[in-house]
Structure formats: structure tokens, C-alpha cells
Amino acid sequence: MDERPISPILKILAAVGFLFLLAPVLIVVPLSFSGEVFMAFPPESWSLRWYAAIAENEKMLAAFLFSLKLATAVTAVNLFVAVPAAYALVRLAPRGGDAMMGFFTAPLLLPSIVLGLAMLIVFSRAGLLATPQGMFVAHLVVTLPYTLRVIATALSTLPIAVEEAAATLGASPVTVFRRVTLPMMVPGMIAAGSLSFLVSFDEVVLSLFMSGPRLSTLPVEMYNHVENRADPLVAAVSVLLVVFTLVAVVVVDRSLGLAKTFVR
Amino acid sequence: MMHQAPTDMTVAAAGPRAGQGYLSLQGLTKRYHDFLAVEAIDLDVAQGEFVALLGPSGCGKTTTLRMIAGLVPTSGGRIVVAGQDLTAVPPHKRDMGLVFQSYALFPHMTIAQNVAFGLEMRRLPRMEIAARVAEAVAMVRLEGREDRRPAQLSGGQQQRVALARALVVRPSILLFDEPLSNLDAKLREEMRSEIREIQQRLGTTALFVTHDQDEALTMSDRIVVMSHGRIEQIGRPEDLYERPATPFVARFVGRTNRFTGNAHGTTIRLGDLAVRAATQRSGPVEVMIRPHRVALAAAGCVPADGLNSVTGIVRRTTYSGDFVQYLVDADGLTFMVEEATVGHGRIAPAGTAVTLTWAPADTLVYEAAP
Ligand SMILES: Nc1ncnc2c1ncn2[C@@H]1O[C@H](COP(=O)(O)OP(=O)(O)O)[C@@H](O)[C@H]1O
Ligand SMILES: [Mg+2]
């Protein structure tokens, strides 16, 4: 907790960095309160009409609901798969475990456009295109690497002596996992879960490939909307999304300390 | 490397006979690939005995302890407790208590829940668990802190919780792996006597790993000195200190003067000096003399018959409260001499001419290392 003085140059650099990251928000927020029919910055009049318009846009609402359900399901399955997988890779340290971890996290390295194209070809044959199932599998593929990484890292930083202590006190391996390992993994699981939720909710490229006339996610619907019309509706949607994300991050950070789980 | 006991006063090992101990390690071995971390250890510990495993870092103490707890598979040998072979029994069925250097408390549980864990595993009735937890918490003087989390306690308090958690199940054997290393010096000394007191009160058999000779000497009934995965000597603290079986033990336990020389019968030539030992030997030898076994007198004093006697000049005098340490130059050798301070004690300053005397039996002679 030493409070070293921060050099002015560093302060300026930090300010520029923040400005760069926040610039889109600085444009989008005023735009969302525009009273005009076209996106123009700065707006010439102000209103809440575009927020009201969201409520009447059924496609947008349906896409939002679908994205929400999709991200929730994807996150649940992610945790269900990643926790035992990470446990096996880290704690049981099987032969070739590193290679397996590399294989499972490989989708992170592929450009999503390549991944999307590959899935398009495979899924169209399997009749999965533009189905919720296809969308679900696609999102699972891109989120699982994150979840597995975060949980494996969290697990490998847990002191193994605590689990050994439980064993010497008479706990069978299953009991050790249930009563000691799992509870200690909760912060890692929440971090991994929020990450997978946000990645799924935010995913555009794969969703574009997988969507159809009657199935689209919120980002895809926003993209479609912008293509057809140039009104500030998407700005209002974006602001709601930013608020929604911010609240989620603050809640997670307050309850667990997100930084502690990621920075290691 | 075989060393012989330096004197003929070989002390009968105070422990149980081979293979007869409450805890009996028989040829216990651990191999990591082709590295022998623990090499065919034989050790018998009586019920209620407190035995320290003492040795430098990396000599295999932790590995031995973890094999006994079942946390590391053995490469050879047997672990027997109360006549029962536990070598292949998994850790959760061994009924042993282990106290770690890192405390290893359950961070998500309260102190009371930590202590209760082992009792819950044994499916004891709720009432009994509550009673025994209260008793154990009181024993380590942590009443009133039952509902705190480990992170809210100091290091010493956390280690006392770990002790209570291990003791409350009344384990057949209590294992400690350098439990005091993370504590500051004063707390460490308090905890030494606290652990020893509780262990004696409950009559629990204990094996205590440490690299700290003071800890081993002050706490133990017997000490096992290990080096490079092997046992160098097993004995009571005073045996190790006064009659170290090997040069390693002499160096590792306590301070010592070390010389090399040549033996002819009981006479040993150390450069220009001839000293006498109590044992016959011939050829190159290593000689150790404990600094507190050497007496320092004004030069010219006539030594009692039969004592070794050397004259020299004090080079440095270091006063350290309960004893004074002198470095004395004599015939090209430097002797370290320690004298207990007495109330009116006169302290010889540097430059004083002195006579050093010691008994032949205190000249410890070992075969020179090849
Ligand atoms: N898992 C392991 N793999 C390989 N070597 C090990 C392993 N654990 C311990 N060792 C080696 O075995 C020796 C004894 O280790 P240890 O029992 O921890 O020593 P101590 O507790 O006396 O300091 C050391 O040289 C250590 O490097
Ligand atoms: Mg160790």
C-alpha cells in the first residue's frame, strides 16, 4: 500500500487512454437522447423518443430476450463442463494435460470469421443453421476456452495443502471436492461465468453466420437495423447495454474482486 | 560412509525395539525418478512419545512425513501403526492429524467449522461435536473467536486453530511439518511449550519435522537427525549433543570446534599440537570438540592430571548474556571456547594468555571423510 507519487506524464497517458476507450460512449450517450430521425452528431434537438421506440420494436425485444436466454444457457453449460474439466486437468494432471488445455483453448486463437465459416459449412449440412441449437453450440465453442482458462487458473492458485488437510481429517476425495475445493472455487466460477455471459451476449461474427430471418441475437438485430435505417434507436439500445454491463461488473467486482481472479 | 561412535559409552537407544514401535517405519523409501529422496528409513516411535525429524532443507523430512500421512505414495518399505500395516491405506482412513507450515485452514469456514470438520467426517452426534469443539477451542485459548474466519486471525492464532483441528479428532498420531516456521521468534518459543504441553497432557504420539535444532532439542523425547534421505542418528537430545554419532550430527546439532589430524592410539596430532582422546584410532581423523566442554584458565595454571591442556592467547571475546565466547589462538589452531557467565564472573579480554583444558572423552574422533 505504498503511495508513490505518480508522474504527470503517466497521468496524461492514462487520461488519453481512458479518453480513447470512452470516446464511443461520449458520442453514443448524447446521440441516444436525440430528437431527430437521423443519426447526426451533435443532435439538434433532445428527447426520449428512441428509448420509447425500443419498447415498440418487437424484433429488437425478441432478439434481446433470445440473447439473454442464450447467454444464460451458454454460461450454465460452460460452468457445468469447465469445472470438472479444469479439475481433471489441474488436479489430476493427466499425461498430455498441457496439450489438452492447448487444444481446448485453441478457438481463442482462430479468427472468428474462420470459425464462423467452418461452422456454416458443418451446420448447414446438419440442418442446424438459424436454429437456437446451432446458435447455442456456436456460442459454446467460443466461450468455453475463456471459462476453462479462468477456472483452471483459479484452481491452480488454490493451496493444495487445504485439500490435503481435509483428507487427513477423514474426508474422502469426493467429500474434499464438495466441501473444500468447490467452495474455494466459487470466486473463479463467478468470474468465469460473467466472462462467458458477456462474451456470448456480445458475440457478433458467429451469430451473423448462425442467424436467420426468424432468429437473431441482439447485436445481430442492431447490425441489421443500422443497415436498413439510420435512426438513433441503436444508440438508445447501446446505452441500455452499457448500463446493464456496468451494473453486472460492479456487482461481481463488489462481491468478489474481479481483479483478484484475473490478475495473477 | 560408515562412522563409528566416537566413545565407547554407547548409549542404549531410548526408543522401542526395532519393529516394535506404536509407529514403525520399516525400510521406508521414496524415489522420484532416479533420485532417492528418502532411503530405507527404519524408525520406531513409542506411544505418547514426541519425536523430532531434524535435518537441513531438502533432506527428506517432509517427504517422510507425507508418506506417513498417505499424501505421497511410497516407493518401498512399510508404515505400521499399532500393529496395522497402513502402507496402502488412503489418507482419509489413516486417522492421523497433520499440522502444516502454511496452516492450511479452510478459508470459507469459521473457526468452529474448521475445528468441527474432522468430527463431522466421523459422523459424531451434533451434541458431541459441539462439546468437543468447545473443548478444543478452549485448549488452544481461542474462546470467543469461534465465529471468525481464518483470515481474521493472526498467524499464531491460525496455527493454534490448525492444532485444535488436528487434535480434536484424537488422532492416533499427530504429524507436524515445520508448524512454527512462519511465526516470529517470540511467538515460536511460546508455541513450542504450548504444543509440547498439550501433547503431553493428551498423551498423543507426535512426529515433528523441523530444521531448527533448538526446536528439536527443547521439545523432543528423541530426535532423528536426517541427511540426504538417510538417518544419521537417533537419540535423546543430550545423546546427540554430547555424543554425536557422525561428524554431520556434530556440525548440525550445536556449535563445535573442527580439526583434522592423525591418530596413533589415543594420541592425535593436530599440526604442532598433540591431544588425547578416550578411544584408540589410527590414521587420518576428523576431531570435534564442543566449545562448552573446554575450560579456560589463566596461563600457568597447572591442569589436573589426565586432562588435555593447551596454552594460547585470546583473540576475541564475545559476551552474549548467558555465556561468553572466546576465540583462542593456540599453536596455529583457533579454538572456540564457551563459558557460562556467573554473577561475579571475570571475563578474559582479548590479548590475555590462557590455558585451555578438556577431558580426553570430550575429544570426539571420527574417521576422516574420504
Ligand atoms: N514431487 C517431487 N518431485 C521430485 N523431487 C521432489 C519432489 N518432492 C520433493 N522432492 C525432492 O526430495 C528431496 C526431499 O524433499 P523434502 O522432503 O521436501 O525435504 P525437506 O522437507 O527435508 O526440506 C528434495 O531434494 C526435493 O527436491
Ligand atoms: Mg520440508
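Guide: What covers the buried residues of H5(A) includes helix H6 (132-157) and helix H9 (205-210) of chain A. Please bear in mind that this is a predicted model.

Visitor: Which residues of H5(A) are buried?

Guide: An α-helix has 3.6 residues a turn, so residues three or four places apart point the same way. In H5(A), the buried residues are A:Leu115, A:Gly116, A:Met119 and A:Phe123.

Visitor: What should helix H5 of chain A span, at 1.5 Å a residue?

Guide: For its 15 residues, 112-126, the span should be 21 Å, and the end C-alpha atoms are 20 Å apart, which agrees. After H5(A) comes A:Gly127, with a positive phi near 70 degrees.

Visitor: Which residues other than glycine have a positive phi?

Guide: Most residues other than glycine have a negative phi, and most peptide bonds are trans. B:His33, which is not a glycine, has a positive phi of about 55 degrees, and phi of B:Arg170 is positive as well, near 50 degrees. B:His33 lies in the loop between strand E1 (23-32) and strand E2 (35-45) of chain B; B:Arg170 is found in the loop between helix H4 (155-167) and strand E7 (173-177) of that chain.

Visitor: Does B:His33 count as buried or exposed?

Guide: B:His33 counts as exposed because its relative accessibility is 80%. B:Arg170, at 53% relative accessibility, also counts as exposed.

Visitor: Where is a cis peptide bond located?

Guide: A cis peptide bond joins A:Phe41 and A:Pro42, with omega about -5 degrees. A:Pro42 lies in the loop between helix H1 (8-32) and helix H2 (49-56) of chain A.

Key:
Residues are numbered from 1 along each chain as its sequence is written. Chains are lettered from A and ligands numbered from 1 in the order in which they are written. This is a predicted model: local features need pLDDT of at least 70, side-chain atom pairs count only at pLDDT 80 or more; totals for chains, interfaces and linings use all residues. Side-chain values use heavy atoms; hydrogens and water are left out. Helices (H or I, at least four residues) and strands (E, at least two) are DSSP runs, numbered from the N terminus. The expected span of a helix is 1.5 Å times one less than its number of residues. Buried means under 20% relative accessible area, exposed over 50%, partly exposed in between (1.4 Å probe, protein chains only). Contact means heavy atoms within 4.5 Å.
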